[in-house]
Amino acid sequence: MAVSVCVVVPVKDEAENIAPLVREIARALSGEEFEIVTVDDGSTDGTAETLLALKNEVPQLRVVQHGRNIGQSRGVRTGVRAARAPIIATIDGDGQNDPADIPKLLKELRAHDPATVGMVSGVRKQRMDDANKRWASGFANAFRRWMLNDQAVDSGCGLKVFYRDLFLSLPFFDNMHRFLIALAFREGYQVRFVEVGHRPRQHGVSKYNNIQRAIVGLVDTFGVRWLQTRFKGAVTPKEL
Ligand SMILES: Nc1nc2c(ncn2[C@@H]2O[C@H](COP(=O)(O)OP(=O)(O)O)[C@@H](O)[C@H]2O)c(=O)[nH]1
Ligand SMILES: [Mg+2]
């Protein structure tokens, strides 16, 4: 059966969070022909086994595995490549994003010409993270916005919908999932923003620490700025 939307979920050690989340995604998308591609990236806590057991209950679920930990951006790219749908929705695997927001983002994407608006990004209205992370994230967003002029107040929000072709045309580097908005602009697309909910992490721990994320994010911001200078603008090629 043709699938219209693929929900890509990168997961690293989310054994306790992933099953309730997959059930929530399936409920939220019951009005669509959808699939869920989870990408297990070297989990050691039984995440893959939990997912495999869930396939009987949720037939739309697919489980892809990297075999070792190579990072969240690679997880997203693996999921997008495996997807059989033209539209992708990404969501964090820890349950902090609310799957009930996905239809809102899809509606906004479909309300526009695909050649114009290629992506809709969630903006977490009220971050349910600790004060340190909120502060670090606010600073990183302001710095990135100033350097890249990408208008994004919450570039790191894991909840996004976009066209598969658009994602696969973007330059890839590890950690590029935090720069998808700036990279989509670079290809000449508009990005729309929709306010979404955010929930506290119920189980497990964050896979990132603020210092490491800040250093990598700083270097990557300079990298994306360089990429912006290496692009002569979008064109729509015509076959004559
Ligand atoms: N594939 C993959 N996913 C990851 C990795 N690190 C984190 N994730 C997933 O990315 C999402 C966001 O990670 P999380 O640690 O909650 O980040 P935070 O909410 O920004 O603190 C969760 O679904 C994680 O399971 C990784 O190395 N590989
Ligand atoms: Mg999280």
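By class, the residues around ligand 1 comprise four nonpolar, eight polar and six charged members, where Ala, Val, Leu, Ile, Met, Phe, Trp, Tyr, Cys and Pro count as nonpolar, Asp, Glu, Lys and Arg as charged, and the others, Gly among them, as polar. The model is predicted: local features need pLDDT of at least 70, side-chain atom pairs count only at pLDDT 80 or more, and totals for chains, interfaces and linings use all residues. Residues are numbered from 1 along each chain as its sequence is written, while chains are lettered from A and ligands numbered from 1 in the order in which they are written.

The shell around ligand 1 holds 18 residues, of which Asp41, Gly75, Gly93, Ser206 and Lys207 come nearest; a residue is near a molecule if its C-beta atom, placed from the backbone, lies within 6 Å of it. Strand E1 (5-11) and helix H3 (72-82) each contribute at least two residues to this shell. Helices (H or I, at least four residues) and strands (E, at least two) are DSSP runs, numbered from the N terminus.

Helix H1 (residues 15-28) has 14 residues, which should span 20 Å at 1.5 Å a residue, and its end C-alpha atoms are 21 Å apart, which agrees; the expected span is 1.5 Å times one less than the number of residues. Asn17, Ile18, Leu21, Val22, Ile25 and Ala28 of H1 are buried. They cover an arc of only 125° around the axis, which puts them on the same side of H1; the arc is that of the directions from the helix axis to the C-beta atoms. The face turned away from this buried side carries the exposed residues Pro20 and Arg27. A residue is buried if 20 or more other C-beta atoms lie within 10 Å of its own, exposed if 12 or fewer, and partly exposed in between.

The buried residues of H1 pack against E1, strand E2 (34-40), helix H2 (47-54), strand E3 (61-65) and helix H4 (102-110), contact meaning C-beta atoms, placed from the backbone, within 7 Å.

In helix H5 (residues 131-148), Ser137, Arg144 and Leu148 are buried. Seen down the axis of H5, its buried residues fall within an arc of 35°, so they line one face of the helix. These residues pack against helix H7 (180-186) and helix H8 (210-229), whereas Ala131, Asn132, Trp135, Ala142 and Trp146 are exposed on the other side of H5. Asn149, with a positive phi near 55°, follows H5.

Definitions and conventions: Contact = placed C-beta atoms within 7 Å.
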